Amino acid sequence: MAPFIQTKGLTYAYPLESSGQIVALQGVDVTIERGEYVALIGANGSGKSTLVRHFNALLLPTAGQVWVDGLSTSQPELRWKVRQRVGMVFQNPDNQLVANTVEEDIAFGPENRGLPPAQIRARVDEALQLVGLVDYRTHPPQMLSGGQKQHVAIAGVLATRPSCIIFDEPTSMLDPPSRQAMLDTIRRLNVEEGITVILITQSMDEAALAHRVLVMHHGRIVMDGSPSAIFAHHERLQALGLELPFPIQMARHLKRGGMSLPSTCLTLEALVNALC
Amino acid sequence: MLIEAENLNHTYALGTPLAQVALRDVNLQIGPGERVGILGASGSGKTTLVQHLAGLLQPTEGRVLLDGIVAHRRTPAALAQRRRIGIAFQNPEDQIFEQTVFREVAFGPRNLGLSQAEVATRVAWALELVGLNPTLMGGRIPFALSGGEMRRVALAGILAMRPHVLILDEPTAGLDPRGRQELLRRVKRWHQEMGLTLIVVSHNLDELARLVERVVLLKAGRVVADGPARRVLSDAALLRSAGLDVPHSVALLHALRAAGWPVRTDQLLPEEAAAEILRVRRAMEEIR
């Protein structure tokens, strides 16, 4: 079977108002398989958001090609099919909510696709269940907390039944408990619902939760591997403007002090177990 | 400047069915040169509180005094006090509107009625402070800059007013790791060199631990703790009861303590926590 997402020589240039252009992506070749949980990291301006906007045809390549589920985004008649397969959740939940109640907001996508009312109802109910917002169905989304609003945004995407959800810094405006709830939901959607997840994040501790980490720099993917492989390259990451997840930072401090530890503790629990 | 909140209460949409209490009986004093973190879960009243401290809101009850002057009044004395406070809201770059970096940073000083030469001096000084070269950057269009650069331009516009108090609401949100570290270093330097009072709203506990010496913890609009950062940020039960997490280092030390290691749990920074773990480990080996 073809990979779920594939890019070949993907290049994208933003035109500048005055003259010239900014090249945001420079010949990206990447393959993402069905069911993967991929974290995408890199400094501000490295091209992360530009890249993922090609995965649901919000942007189209200046050169090169993108296929989603075998469908080329360069073909206008296939773009809606691509968007049905790949949903997006953005940083600021306030910019994504459109309706007066939670359930109307979630119904927005299926309604736009012209589904019969009974099917819309079923999808909204299922999405509410999946994000744990059944009790809030009739609430106005504006009155919810930031974390709850983000869950409404996820439910809205889920109701369109995508195979893949892209999360573009979904936790950066949330407080720690809402952030944790968000990460738990993302993991559950990946493990239990088989949804392919692409998570853009500035938190290395969040990236460490994924199966695979892609590192971007100046419009290119410069590192690609498991979290433990990627975060073993401390100097390289630092040169790219990134840092290490807390457990790995701590393990380095301890090693420098003469303590031996496996360098692969990606979570606090793993670190505590290694110490005790 | 001495900032005092006295019995401060704030209710949004008072007298309507949508009324929401944001602050309840807040009493607080912040002295000149202090570095204070305001901490709390989403909706705990952090942003409302700092807007009051800057004199931008009218209290439902109680008052805020800036060097003894009631902060929100429409009097020349109150205005003069408010001008000594610089406040950067969340994502301050969203408020950039001028055509060039120079004009953006010059907007505030111009409103003070300063001479052109004085405005130019202030702009150059402020851009240097945020690490942007005035000659190279002054003529640039702000919207063509990176997110991190735009944030620095917005902060330069605030610093150009030569505030005595700097209030930062989630200053590093949305920045990449390097941008965060650089901004934190700069903020510390401004505090030292300008003698600023620093008030920082954040839910990034690891950052607060590096930046502030005192933490005010809010829960549902009330101050539930106010004390040294080391004490408040290492009190896991208190932080969790306020709907927050604990700093990574503190979480690790608490987990080790639960596993029988006699470690102190008030080491907030990774390097401090590592030193504590190494110390205890050595002690444990010697006993063996």
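Select domain 1 and domain 2 of chain B together: ten residues of domain 1 are in contact with eight residues of domain 2. The model on display is predicted.

Next, keep domain 1 of chain B in view and highlight α8 (205–211) and α9 (229–232) of chain B. These are the elements that give two or more residues to the side of domain 1 that touches domain 2. With four residues, α8(B) provides the largest share of that side. Colouring the side of domain 1 of chain B that touches domain 2 by residue class shows five nonpolar residues, one polar residue and four charged residues.

Now bring chain A into view and turn to the boundary between the chains. Here, 30 residues of chain B are in contact with 28 residues of chain A. On chain B, select four helices in turn: α6 (147–159), α7 (177–194), α11 (248–258) and α12 (270–287), each of which supplies at least two residues of the side that touches chain A.

Finally, apply the colouring by residue class to the side of chain B that touches chain A. That side comprises 15 nonpolar, ten polar and five charged residues.

Definitions and conventions. Residues numbered from 1 in each chain as written. Chains lettered and ligands numbered in written order. Predicted model: local features only at pLDDT ≥ 70, side-chain atom pairs only at ≥ 80, totals over all residues. Contact = placed C-beta atoms within 7 Å. Nonpolar A, V, L, I, M, F, W, Y, C, P; charged D, E, K, R; others polar.
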